[in-house]
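Subject: Structure handover

Hi,

Here is the structure I promised to pass on. Could you load it and keep it open while you read the notes?

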Amino acid sequence: VTGLLYLRLVAVGMIGSGFKAATGEHAKELFEFASNPLTALVIGTIATALIQSSSTVTSIIVGLVAGGLPVSIAIPMVMGANIGTTITNTIVSLGHLKKGEEFRRAFAAATIHDFFNVLCVIIFLPLEIMFGFLQKIGVYLSGFLVNADSMSMKGFNFIKPLVKPPVNFAKDTFSSMGFSEAIYGTLLIVFGITLIFFVITYIGKLLKVLMTGRAKAILHSAVGKGPVTGIASGTVVTVLVQSSSTTTSLIVPLAGNGLFSLKQIYPFTLGANIGTCITALLAATAVTGENAIFALQIALIHLVYNFLGVVVVYGIPILRNIPIMAAEAMANMAVKKKLYVAVYISTLFFIFPVALISISETLGV
């Protein structure tokens, strides 16, 4: 399982490197396309869905803010990053596609994260546009840290040095074959996605065997004991692996195998939302220059936004049940007709974002 988790991290690294190689300088242009809150939300969503790492995207956003991107535009981007990162869970659940009831449980566990993050955007984005409350909180909190010592990711991120060698090996191998940057970048992406499917297929089988007796009891005490322990476990695990998609894609097979119920999985995925903020926050403390305060603000805003999302959406029973009901309904539809899976993924991560851009241009938002 540890080896497969390592391969999962390598796969994400390959997809990120492949995306950078395939797009070249156009990756930065994608973020610069944001001219209003709706397009910023879309860019955050699509970029994260493509790169498969909200931590990477939010770190890029921190860098862009340090380079002059307005904080008001960056806020919807980090909201979109939350939505985009959940595509990984959905892909992971497809590993159970041929096993009816198992697929229903896995797909519900994957999509509950989607619906929670979409609900947070529906609630908080209009409030932010009208009142700018998140930006005000960011300004207030950054005042406490503006003169703090740098906590550069170089000293904290122990995952990157472990993942970098195989990613560079794959990159050098494809490059030595004479392929252009765009082609070998695309090959890296395809290879990374294939590797994810391989990992998920086998990790599900291994976890089914492994999660018995004492191991099952320990995991249940950490994840399934209650909402607070579930959120705390999701936060801690995500801080350690620095990837919310890795954390949540580990729990989806366990849900598919029936080891955890949807209500037990739910808090764990919310903890992953909070834990993923550590990467951008630590990156922001290393930024210097006149815009350093703004980089710190957006990193803090990301943390506050995810924390408030848990407090408001999960804390209010009526709102808490909406993602559960939506995920169960979507999973039931997906089991009856697999076409709904393709429609769901394409609509949430691509068609709906494009429609939002069209609406924003029409209304001149």
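Below is what I found in it, going from the whole chain down to single residues.

First, a caveat: this is a predicted model, so everything here is computed from predicted coordinates.

**The chain as a whole**

The protein chain has 19 helices and zero strands. Of its 365 residues, 51% count as buried. If you look at contacts between residues at least 6 apart in sequence, 82% of them join residues at least 24 apart.

**Cores**

In soluble globular proteins, nonpolar side chains tend to be buried together. In this model, the largest nonpolar core has 78 residues. Ile61, Met79, Phe107, Tyr266 and Ile298 are the ones with the most contacts inside that core. There is also a second, separate core of 12 residues, with Val10, Met14, Val167 and Ala170 among them.

Leaving out residues up to four places away in sequence, Tyr266 touches Ile112, Phe116, Val313, Tyr314, Arg320, Pro323 and Ile324.

**Two helix pairs**

Two packed helices are described by the angle between their axes and the distance between the axes, so here are both values for each pair.

Tyr266 turns up again in the pair H15 and H18. H15 covers residues 262-275 and H18 covers residues 317-336; they pack at an angle of about 120°, with their axes 11 Å apart. The two are therefore oblique to each other, and H15 passes H18 in a right-handed crossing. On the H15 side the contact is made by Leu262, Lys263 and Tyr266, and on the H18 side by Arg320, Pro323, Ile324, Ala327 and Glu328. Sorted by class, that gives five nonpolar, no polar and three charged residues.

The other pair is H3 (residues 37-51) with H4 (residues 54-66), packed at an angle of about 130° with the axes 8 Å apart. That makes H3 oblique to H4, and the crossing is right-handed here too. Gly44, Ala47, Thr48 and Ile51 from H3 meet Ser54, Thr56, Val57 and Ile60 from H4. By class, this contact has four nonpolar, four polar and no charged residues.

Which residues does Ser142 reach beyond its own stretch of sequence? Ser142 sits in helix H8 (residues 133-145) and is buried, with a relative accessible area of 1%. Neighbours within four places in sequence aside, Ser142 is in contact with Ile293, Leu296, Gln297 and Leu300.

The C-alpha atoms of Gln297 and Leu134 are separated by 9.5 Å, although the two residues are 163 apart along the chain.

Last one: Phe349, in helix H19 (residues 339-363). Phe349 counts as buried because its relative accessibility is 0%, against a cut-off of under 20%. Apart from residues up to four places away in sequence, Phe349 touches Thr45, Ile46, Ile83, Gly84, Thr86, Ile87 and Asp114. Of these, Ile46 is 303 residues away in sequence, yet the C-alpha to C-alpha distance is 6.5 Å.

Cheers

Note on methods: Residues are numbered from 1 along each chain as its sequence is written. This is a predicted model: local features need pLDDT of at least 70, side-chain atom pairs count only at pLDDT 80 or more; totals for chains, interfaces and linings use all residues. Side-chain values use heavy atoms; hydrogens and water are left out. Axes are lines fitted to C-alpha atoms, for helices over the stretch in contact, and angles run from 0 to 180 degrees between N-to-C directions. Helices (H or I, at least four residues) and strands (E, at least two) are DSSP runs, numbered from the N terminus. Angles under 35 degrees count as roughly parallel, over 145 as roughly antiparallel, 65 to 115 as roughly perpendicular and the rest as oblique. A crossing is left-handed if the near helix is turned anticlockwise from the far one by less than a right angle, and right-handed if clockwise. Contact means heavy atoms within 4.5 Å. Ala, Val, Leu, Ile, Met, Phe, Trp, Tyr, Cys and Pro count as nonpolar, Asp, Glu, Lys and Arg as charged, and the others, Gly among them, as polar. A nonpolar core is a set of buried Ala, Val, Leu, Ile, Met, Phe, Trp, Tyr and Cys residues joined through side-chain atoms within 4.5 Å. Buried means under 20% relative accessible area, exposed over 50%, partly exposed in between (1.4 Å probe, protein chains only).
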